[in-house]
Amino acid sequence: MKSADARAPEAETAPVPAAAEVVEERKSRPAVPTAQAGNYVAPSRANKSAKTYYLPPAYWETLAELSFRTRDPQGKRIPQERLVAEALNLLFVKYNYPVVREGDD
């Protein structure tokens, strides 16, 4: 067994920053995290945001049925997102708000 005098010196530790330095570091960070490597965003979701709404199941079932049965001029199914966007634009017109126009999706 080693004596107290033979112990290895403790590793030096970095000084702990003062509270003001930590607060200043937090303020300098961007409010919204930027895209980092490994955070892939699908092109169809770029510049869009998601919202969750709690509605009775009949709304979601009807939306799914409408999306399944509705086709665009090329014969493709119209996604639920596009149907909801169309419905929101109709709501905006009803309440005299400007219609949102998206690119040629």
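Helix 2 (57-69) and helix 3 each supply at least two residues of the lining of the largest pocket. Helices, like strands, are DSSP runs numbered from the N terminus (H or I, at least four residues, for helices; E, at least two, for strands). The model is predicted: local features need pLDDT of at least 70, side-chain atom pairs count only at pLDDT 80 or more, and totals for chains, interfaces and linings use all residues. Residues are numbered from 1 along each chain as its sequence is written, and side-chain values use heavy atoms, with hydrogens and water left out.

**The largest pocket**
- The space in the largest pocket is about 1700 Å³.
- A pocket is an open set of points on a 1 Å grid over the protein atoms alone, where a 1.4 Å probe fits, with protein on both sides within 12 Å along at least five of seven lines; lining residues have an atom within 4 Å of a point.
- Of the 34 lining residues, Q80, E81, R82, V84 and A85 lie nearest the centre of the pocket.
- Helix 3 gives the largest share of the lining, 13 residues.
- The lining comprises 18 nonpolar, 7 polar and 9 charged residues.

**Overall make-up**
- The protein contains 3 helices and 0 strands, in the order α-α-α along the sequence.
- Of its 105 residues, 6% are buried; buried means under 20% relative accessible area, exposed over 50%, and partly exposed in between (1.4 Å probe, protein chains only).
- The accessible surface is about 10600 Å², and carbon and sulfur atoms account for 57% of that area; such areas come from the Shrake-Rupley method with a 1.4 Å probe.

**The nonpolar patch**
- V84, L88, L91, Y95 and Y97 form a nonpolar surface patch of about 500 Å².
- Patch residues have over 30% relative accessible area and no salt bridge; nonpolar side chains (Val, Leu, Ile, Met, Phe, Trp, Tyr) are joined within 5 Å, and like charges within 9 Å.
- L91 belongs to helix 3 (residues 80-94), and L91 is partly exposed, at a relative accessible area of 41%.

**The salt bridge**
- Side chains of opposite charge can pair when their charged atoms come close.
- The whole structure holds 1 salt bridge, a term for a side-chain nitrogen of Lys or Arg within 4 Å of a carboxyl oxygen of Asp or Glu.
- This contact joins the side chains of E65 and R69 (2.1 Å, N to O).
- Both E65 and R69 lie in helix 2, 4 residues apart, about one turn of the helix.
- E65 is partly exposed at 36% relative accessibility, whereas R69 is exposed at 61%.

How values were computed
Points joined across faces, edges and corners; volume = space filled by probe spheres on them. Nonpolar A, V, L, I, M, F, W, Y, C, P; charged D, E, K, R; others polar.
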